[in-house]
Amino acid sequence: MSNRSIPPWWTLDNAAKIFPSTGSAHDSKVFRFVCELREPVEPQLLQRALDRTVERFPIYRSVMKRGWFWYYLEDSPLPAQVRREELPPCCPIYPSVRRSLLFRVLYYRRRISRTGALNFLCALVYEYLLLRCPEELPQPVPVLPYDASPAQQQADSFQKYYEKPKGRSMGRSPAAYQIRRERLPRNHLAILEGRMPLDQVLACARARGVTLTELMTAIFLRAIHAGMRVRDRKKPVVITIPVNLRSYFPSESARNFFATINAGYDFSRGEDSLEAVLKEVRRSFRENLTAERMRERMNALCALEHSVPLRLVPLPLKDVILRIANKIAAQGVTASFSNVGKVSMPREMEKLIHLFSVFACAGMLQACACSFGGVYVVSFASPYRACETERVFFRELARLGIEVVLTTNLPPETEVR
Amino acid sequence: MLYCEKCGVYLSGSMERCPLCQGAVTGQPEEDAYPPLPETARPYGLTVRLAGLLTVAALTVCAAVNYCFPEGGWWFLFVAAGLGSAWLLTGVALWKRRNPMKAIAWLLAVVPALVLAWDWRTGFMGWSINFVLPCFIPCMQLAAAGAARILRLRPADYLLYLSICILAGFFPLIPLFCGALWMIYPSVVCAGISAISLSALLLFRGPALKAEIIRRGHL
């Protein structure tokens with residue numbers, strides 16, 4: 001039987017199983033990775049680079065389909081095409097009016113954006129720069145740090161490391177403060193991207209004896225608190241932070257492999273100085289970020305997928321159940337902060353790249369951070385019209401002596417409060 | 001580069017005011033990193049709303065006329081049921097417009113239900129089970145096979161829906177064997193076509209169909 005008759009297919013990993021059921025127009029679950037080059041992007045070369053990259057990542061050349069019990073990925077002959085950026089950031093990929101691959105590659109002036117995974121964008125930028133500036137790169141050509149085989153990329157690491165949890169489940173977290181503000185029309189996202197020198201932020205964190213993520217989380221918590229109404233202040237502010245499980249369990253998978261931890265602060269009980277919040281954030285990070293706790297969280301997440309009664313529920317009903325469960329879980333969280341970490345590219349290519357940035361649409365205020373070549377970028381993606389939290393956040397960084405350069409996608413009239 | 005004194009941050013782009021505080025900025029503007037937010041149009045939005053308004057207007061006029069001149073019975077209910085059926089069919093077709101094969105499979109469920117309901121509410125003369133259904137189902141089978149061919153779908157994209165259409169062709173056998181039909185030929189022909197199509201499907205596309213069922217049903 002030819003490949004055309006029986007295409008390859010893949011089950012979704014644990015985290016991805018929940019996304020299609022709970023995604024919506026205002027919570028598209030779309031991640032976007034951006035690379036800003038030094039020179040304007042040439043679309044034809046980018047297309048050639050994309051064709052080469054897709055060959056290296058067969059799992060991304062797939063469409064999402066509905067089974068009777070779960071969604072799954074199926075190999076697709078649809079071509080991957082680069083497009084000039086015109087759509088609003090992070091608008092839904094699935095479902096869409098036309099069946100499409102699960103990523104978009106966009107370009108605008110000096111920027112290349114790729115919705116989906118970072119490794120793919122790095123490989124795409126790598127291929128593009130090989131085509132665009134061959135004379136500026138030494139021979140032999142530099143090698144990309146990420147070189148997992150298709151089998152490694154396609155591995156579902158949740159399945160590999162899952163053990164049936166013994167004893168207690170995670171339980172329900174207490175209700176957290178929910179930001180209630182006027183939303184932007186048509187489910188648009190306001191992007192506020194602040195880039196800053198990595199050495200300045202690192203020095204700032206080290207002077208306080210904390211990590212960069214801990215520092216940013218604490219400033220974020222305080223920024224949310226500043227915008228709270230007095231009557232809301234009895235509820236804790238909780239930020240959820242995805243943790244890359246690859247740091248705890250070896251994996252080269254190109255698929256999801258993360259669990260989340262929550263860092264919260266109850267401003268009605270403690271003082272609101274940066275030091276006090278930092279102390280609490282550091283305590284909760286140290287407590288949660290151990291291999292043992294991560295294993296517990298991962299197993300608890302996977303237990304849902306392994307429960308036989310839930311597996312037997314038909315997909316339309318599962319959609320409803322997961323949507324309700326997602327709403328309940330969202331009550332325990334105020335906002336989200338993902339630190340993607342350091343982006344690695346071959347050293348010879350670093351001078352051709354200005355920055356990497358990342359943001360995501362999560363239906364709530366979401367901040368993402370990544371660093372590349374001495375530049376640390378924190379991007380806020382917000383569904384709200386007013387950027388109260390972002391203002392306090394970036395002003396606080398400026399107050400700490402950090403040089404922040406802001407970029408936004410919002411025209412001035414949208415921001416009027 | 002621009003600078004906002006109030007916030008103490010630099011701004012990259014061509015904004016006239018600081019995006020954080022709306023205050024004045026100083027310095028030289030640069031090119032924007034993002035295109036302006038587009039005005040996304042709603043497909044079908046206006047057409048569907050206009051059609052909705054027209055439907056309500058037509059219903060209201062019919063109900064008013066029928067209320068003023070009730071001699072001919074409550075004929076306005078037929079108008080309402082007719083418009084309701086039309087909306088249901090259009091709704092299904094629009095809802096599944098992304099996947100024509102799925103739309104055909106859904107119409108194969110909705111149309112027979114509507115036809116049976118109309119026949120039943122108008123005195124059950126049996127025209128639905130004697131003629132309409134045994135003729136409609138092979139038409140949909142043909143439509144499914146035609147759509148798969150014209151759209152050049154891969155077996156994985158059409159096999160399941162085509163199988164549903166073919167299996168539906170055996171449905172007219174139920175009233176036939178129950179002796180509820182006074183005109184048996186359309187139903188016999190429909191079941192015959194379906195039997196031949198099913199064997200062809202299993203003989204030529206059996207393994208692909210099996211793979212599709214395994215994929216769709218994975219736990």
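The model is predicted, with local features requiring pLDDT of at least 70, side-chain atom pairs counting only at pLDDT 80 or more, and totals for chains, interfaces and linings using all residues. Residues are numbered from 1 along each chain as its sequence is written, and chains are lettered from A and ligands numbered from 1 in the order in which they are written.

Chain A is divided into domain 1 (9-146) and domain 2 (176-342 + 359-415). Domain bounds come from an automatic or database domain assignment. The C-alpha centres of domain 1 and domain 2 of chain A are 24 Å apart. Across this boundary, 29 residues of domain 1 of chain A contact 28 residues of domain 2 of chain A. Contact requires that the C-beta atoms of two residues, placed from the backbone, lie within 7 Å. On the side of domain 1 of chain A that touches domain 2 of chain A, at least two residues each come from helix 1 (14-22), strand 2 (31-37) and helix 3 (118-132) of chain A. Helices (H or I, at least four residues) and strands (E, at least two) are DSSP runs, numbered from the N terminus. Helix 1 of chain A provides the largest share of that side, seven residues. The side of domain 1 of chain A that touches domain 2 of chain A comprises 16 nonpolar, seven polar and six charged residues. Here Ala, Val, Leu, Ile, Met, Phe, Trp, Tyr, Cys and Pro count as nonpolar; Asp, Glu, Lys and Arg count as charged; the others, Gly among them, count as polar.

An open sheet in chain A contains three strands in the order 1-4-3, with antiparallel pairing. Two strands pair if DSSP finds at least two bridges between them. Strand 1 (9-11) and strand 3 (62-66) of chain A are the edge strands, each pairing on one side only. Direction ignored, neighbouring strands of this sheet are turned by 30 degrees against each other on average. Strand 1 of chain A is joined to strand 4 (residues 71-75) of chain A by three bridges. In this pairing, A:Trp9 stands opposite A:Glu74, and A:Trp10 stands opposite A:Leu73. Strand 3 and strand 4 of chain A run antiparallel and are joined by five bridges. A:Glu74 in strand 4 of chain A is the bridge partner of A:Val63. A hairpin links strand 3 of chain A to strand 4 of chain A through four residues.

Helix 7 (residues 212-226) and helix 8 (residues 274-288) of chain A pack at about 125 degrees, with their axes 9 Å apart. Axes are lines fitted to C-alpha atoms, for helices over the stretch in contact, and angles run from 0 to 180 degrees between N-to-C directions. Helix 7 and helix 8 of chain A are therefore oblique to each other. Angles under 35 degrees count as roughly parallel, over 145 as roughly antiparallel, 65 to 115 as roughly perpendicular and the rest as oblique. The crossing of helix 7 and helix 8 of chain A is right-handed. A crossing is right-handed if the near helix is turned clockwise from the far one by less than a right angle, and left-handed if anticlockwise. The residues of helix 7 of chain A that meet helix 8 of chain A include A:Leu215, A:Ala218 and A:Leu221. Among those on helix 8 of chain A are A:Val277, A:Val281 and A:Phe285. The contact of helix 7 with helix 8 of chain A divides into eight nonpolar, one polar and three charged residues.

Chain B is assigned domain 1 (1-33), domain 2 (45-83) and domain 3 (96-216). The C-alpha centres of domain 2 and domain 3 of chain B are separated by 33 Å. Helix 3 (residues 100-121) and helix 5 (residues 155-168) of chain B pack at about 20 degrees, with their axes 9 Å apart. These two helices of chain B, helix 3 and helix 5, are therefore roughly parallel to each other. Their crossing is left-handed.

Between the chains, 46 residues of chain A are in contact with 34 residues of chain B. Helix 12 (388-399) of chain A is one of the elements giving two or more residues to the side of chain A that touches chain B. Helix 12 of chain A gives the most to that side, with five residues. The side of chain A that touches chain B has 24 nonpolar, seven polar and 15 charged residues. Strand 15 of chain A and strand 2 (residues 9-11) of chain B pair in the parallel sense over two bridges. A:Val405 stands opposite B:Tyr10 in strand 2 of chain B.
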